[in-house]
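Dear colleague,

I am passing on the structure below for you to look at. My notes on what was found in it follow directly after.

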Amino acid sequence: MADKLRGTFKQHEYGSVMLPLLVLRRMDAVLSPTKDAVLDQAVASGALKADRKTLGKAVDEGVDMLLKRASGQRFYSLSPLTFASMLQNDKELAEQLASYIRRLSPDAYTVMEAYNLDDKITRMDRADILYPVMADFADLDLRPSVVSNEAMGYIFEELLRKFSEMSNETAGEHYTPREVIDLMVELLLHGRTHAELTENPKPVRTIYDPAAGTGGMLMGALHGITQANPDAKVHVYGQELNAETWAIAQSDLMLQDTNPQQMAQGNSLTQDAFQGKSFDFILANPPYGVKWSSYAKPIVDEHEKQGFHGRFGAGLPSVADGSLLFLQHMLSKMKPTGSRVGIVLSGSPLFSGAASSGQSEIRRWILEQDWLEGIVALPDQMFYNTGISTYVWILTNNKAAEDRGLVRLIDARQLGTKMRKSLGDKRKELTADAIAQIAQLYGGAKTEFADDPKVRVLPREKFAFQRIIVERPLKRRWEVTPEAVAAAPFDEYAHLVGRRFDTERALLTEVSDLTAKEKKAFATACAIADPEAQVITKRNGKPEPDPELRDQENVPVPAGYFDLEEAGRDKALREAAETHLIRVVHPYVPDAWVDHTKTKVGVEIPFTRQFYMYEPPRPVEDIAAEVKELEVQIQEWMKGLGL
């Protein structure tokens with residue numbers, strides 16, 4: 001059917017035509033049995049005139065409820081037209097279709113309005129393809145008795161996937177590849193979580209996606225739960241910023257008889273549509289590297305005024321990337337009794353930001369709460385609009401006892417399969433076998449796969465360090481040089497050129513006519529670093545640190561650091577720093593010391609470093625032999641050229 005759009009629409013526009021028309025046809029089929037009852041109720045309530053063709057008074061909330069009850073659905077139509085009847089007058093088809101859309105119930109009309117379908121109807125009408133396209137849709141039998149809500153959802157998602165793949169250049173903004181969703185769902189539902197689902201006769205679970213896009217993750221998680229237990233009652237909630245993308249997600253939920261209020265439109269970071277609500281499963285693929293400076297004010301205000309009573313108490317990341325804002329928002333939606341969180345992130349949130357920066361503090365907070373369960377590194381070139389490496393983070397506030405204090409890392413970078421045909425930047429995919437293998441590695445990371453080279457299980461302290469400041473004493477002598485007395489007012493003391501002084505005071509006694517500010521400038525001009533000179537001391541007798549010799553070093557935090565109270569942490573850090581100073585620094589500079597007042601704790605997750613495998617360089621003999629062989633070959637070629 002979409003082939004009829006060729007020439008009038010570009011391929012990446014097909015979805016914006018076919019998907020809303022599919023939704024309209026489904027609603028037409030669903031509402032058909034109760035259409036007369038709805039129209040009768042509309043006439044009785046004054047929403048329609050007696051001829052059923054003329055609108056009456058506006059529909060208020062009470063009448064809206066009566067009409068929904070008459071339709072037996074969450075939506076209704078006040079139009080007497082159907083897809084079949086509209087085809088009886090091809091001259092007025094465009095006008096009738098536009099009228100049909102306007103007479104949908106408020107919730108349904110809002111969704112269709114977001115598709116901007118009016119313009120597309122006009123384009124099809126002018127190209128004389130509106131009638132054949134509508135006729136094709138009218139021939140589809142989409143009655144619920146023929147196509148169930150669940151099947152309709154699958155159809156819609158499959159078409160969405162195909163149209164998104166055709167839109168290579170922009171699909172990745174709103175669409176996550178299905179295999180990535182399947183992997184996330186596998187990881188979220190593994191082990192104890194899967195057992196709880198299957199053992200409960202009728203479990204009730206909620207799912208939330210704050211960057212829902214077209215709703216693929218929500219539907220993937222819903223299907224994963226119902227596959228584990230067909231009797232499960234699943235409620236999905238989401239929020240999406242882009243209006244047309246929101247309409248697609250809303251349509252998918254509408255086709256499956258889900259309350260439209262559970263898919264909100266807006267920026268979830270600044271306009272949280274589900275404030276105060278928590279969920280069992282929270283998953284998202286937020287945008288990577290997107291600046292949030294344009295809407296920073298409410299986020300900064302919440303951070304500063306509400307602290308940990310708000311969503312962003314742990315810290316604010318760089319304005320160049322808001323990924324960790326989404327993660328904090330998601331963690332704020334966890335239930336006190338336990339939730340599981342899955343998020344796809346780029347490599348930057350793993351390590352960007354120095355110690356005590358916003359990014360580092362957010363990672364530190366997560367490890368302190370012991371919420372990070374594991375991270376899986378995906379193959380590169382997995383997404384439509386970027387070829388960068390990506391990572392799936394799994395977090396929970398209800399770790400099993402044996403998992404507490406531990407983080408599992410799975411290196412799946414080599415498990416991708418090259419696609420026969422690339423889709424934009426997407427050149428690799430995860431097969432079903434690869435997803436199963438990753439899930440097995442993740443679930444058995446501490447048992448049967450503990451020795452697998454793709455698996456690491458590390459204590460959370462492994463990712464924390466203290467950045468210490470190593471000071472060395474200031475050693476100076478003062479010598480009057482020609483440069484120091486080249487300009488006024490210091491030129492009056494040219495007779496001092498060549499004189500050396502052991503202390504600053506001794507130098508300044510010779511220039512008593514200068515002001516205090518001038519004396520300081522003159523002393524600075526004459527100061528010369530000298531390792532053989534005296535140590536400059538403060539008034540309390542302690543050595544003055546030399547800024548030019550100051551050094552910074554990262555020292556791992558001691559084992560069990562996160563389990564200590566605040567006072568115990570400070571003591572442990574100080575002892576670890578002093579041990580490092582004695583063992584590593586003093587053998588080379590015995591006069592160095594650590595300024596503990598400047599110590600900062602940082603957290604980074606250097607994923608690739610954990611899987612680095614040293615490969616020794618080739619032996620010199622082999623390289624030399626290869627060079628000689630190439631030289632002989634080149635000489636033979638030159639002979640053949642007569643050179």
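Thr 417 has Glu 429 as its bridge partner in E10, and the two strands concerned, E9 (residues 417-423) and E10 (residues 426-429), run antiparallel and are joined by three bridges. The hairpin that these strands make has two residues between them, and Gly 424 adopts a positive phi near 65° there. Please keep in mind that this is a predicted model, so that every value in this message is computed from it.

As to confidence, the pLDDT averages 91 over the protein chain, and 98% of the residues score at least 70.

Asp 128, with a phi of about 60°, is found in the loop that links helix H7 (117-126) to helix H8 (130-139). Its relative accessible area is 64%, and because the cut-off for exposed is over 50%, Asp 128 is classed as exposed. Ser 356, with a phi of about 75°, sits in the loop that runs between helix H17 (348-351) and helix H18 (358-368). Here the relative accessible area is 37%, which means that Ser 356 is classed as partly exposed, as that class covers values between the limits of 20% and 50%.

The peptide bond that joins Ala 488 and Pro 489 is cis, with an omega of about 0°, and Pro 489 belongs to the loop between strand E13 (476-479) and strand E14 (500-501).

Turning to the surface, which residues form a nonpolar patch there? They are Leu 630, Ile 634, Trp 637 and Met 638, which together have about 410 Å² of accessible area. Of these, Leu 630 lies in helix H24, which spans residues 620-640.

How values were computed
Residues numbered from 1 in each chain as written. Predicted model: local features only at pLDDT ≥ 70, side-chain atom pairs only at ≥ 80, totals over all residues. Heavy atoms only, no water. Patch = residues over 30% accessible without salt bridge, like charges linked within 9 Å, V, L, I, M, F, W, Y side chains within 5 Å. Areas by Shrake-Rupley, 256 points an atom, 1.4 Å probe, with all protein chains shown as cover. Salt bridge = Lys/Arg side-chain N within 4 Å of Asp/Glu carboxyl O. Helix = DSSP H or I, 4+ residues; strand = E, 2+ residues; numbered from the N terminus. pLDDT = per-residue confidence, 0-100. Buried < 20%, exposed > 50% of the residue type's maximum accessible area, 1.4 Å probe, protein only. Pairing = 2+ DSSP bridges.
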